[in-house]
Amino acid sequence: TQRPVRSESHNSPEELREILKKAEEIESPTERNQALEKVVWDALELDPQLASEVFFKLTPGSDEKNRLIQHYAMRLAEQSLDEAIQWASTLENEKEQSLAYDNIALVLAESDPERAAQLLSESGVAGRHFDVAVVQVLQRWAALAPEGAAGWVVLFDAGEARSAGLKAVVGTWSRSD
């Protein structure tokens, strides 16, 4: 993800709450989102409850919120797949949920690409990030079981995802065969 460079933060939870108050007073929506995003990054380890509260104050669909969704979904999936899926289902809208599920599927693809593909099929929303996730899952699946990966990709509707998926499967399959 395109996570901003995080400065070494030595803020206490109390200092983070003061920074949050100042961030909430910023009039420009873009600048406010950027300040809120920084609070979330700094609070993730120090005060997860505060991070969660501030996360839901970010503008839905904003770059800042999307970066955090991607990061947190992957991080949580590495710890507990079930918790990550549960968390993704609580997000505000279908696009945010899909973004989280796409990143969860990428983590899952390392150990169970077929299940990752199933997660994408059930939860994905068409778009660039979904297409990228599909191709990455297919590459991992094709490396383990190319026939299964090919069987999944041919079920796609005609379009960019299917074309890119077929290229990924055929490319991986041909290199290994």
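A residue counts as buried when its relative accessible area is under 20%, as exposed when it is over 50%, and as partly exposed in between, with a 1.4 Å probe and protein chains only. The model is predicted, so local features need pLDDT of at least 70 and side-chain atom pairs count only at pLDDT 80 or more, while totals for chains, interfaces and linings use all residues. Residues are numbered from 1 along each chain as its sequence is written, and side-chain values use heavy atoms, with hydrogens and water left out.

**Exercise 1.** Decide whether Glu110 is buried, partly exposed or exposed.

*Solution.* Begin with the place of Glu110, which lies in the loop between α6 and α7 (113–123), where helices are DSSP runs (H or I, at least four residues) numbered from the N terminus. Then take its relative accessibility, 55%, because of which Glu110 counts as exposed.

**Exercise 2.** Describe how helix α2 (residues 29–46) packs with helix α4 (residues 63–79).

*Solution.* First, the angle is about 20° and the axes are 9 Å apart, the axes being lines fitted to C-alpha atoms, for helices over the stretch in contact, with angles from 0 to 180 degrees between N-to-C directions. Next, this angle makes α2 roughly parallel to α4, a term for angles under 35 degrees. Finally, look at the contacts (heavy atoms within 4.5 Å): among the residues that meet are Trp41 and Leu44 in α2 and Leu68 and Tyr72 in α4.

**Exercise 3.** Find which residues Val137 touches, not counting residues up to four places away in sequence.

*Solution.* Listing them along the chain gives Ala105, Leu106, Ala109, Pro113, Ala116, Ala117 and Leu120.

Terms used. Helices (H or I, at least four residues) and strands (E, at least two) are DSSP runs, numbered from the N terminus. Angles under 35 degrees count as roughly parallel, over 145 as roughly antiparallel, 65 to 115 as roughly perpendicular and the rest as oblique.
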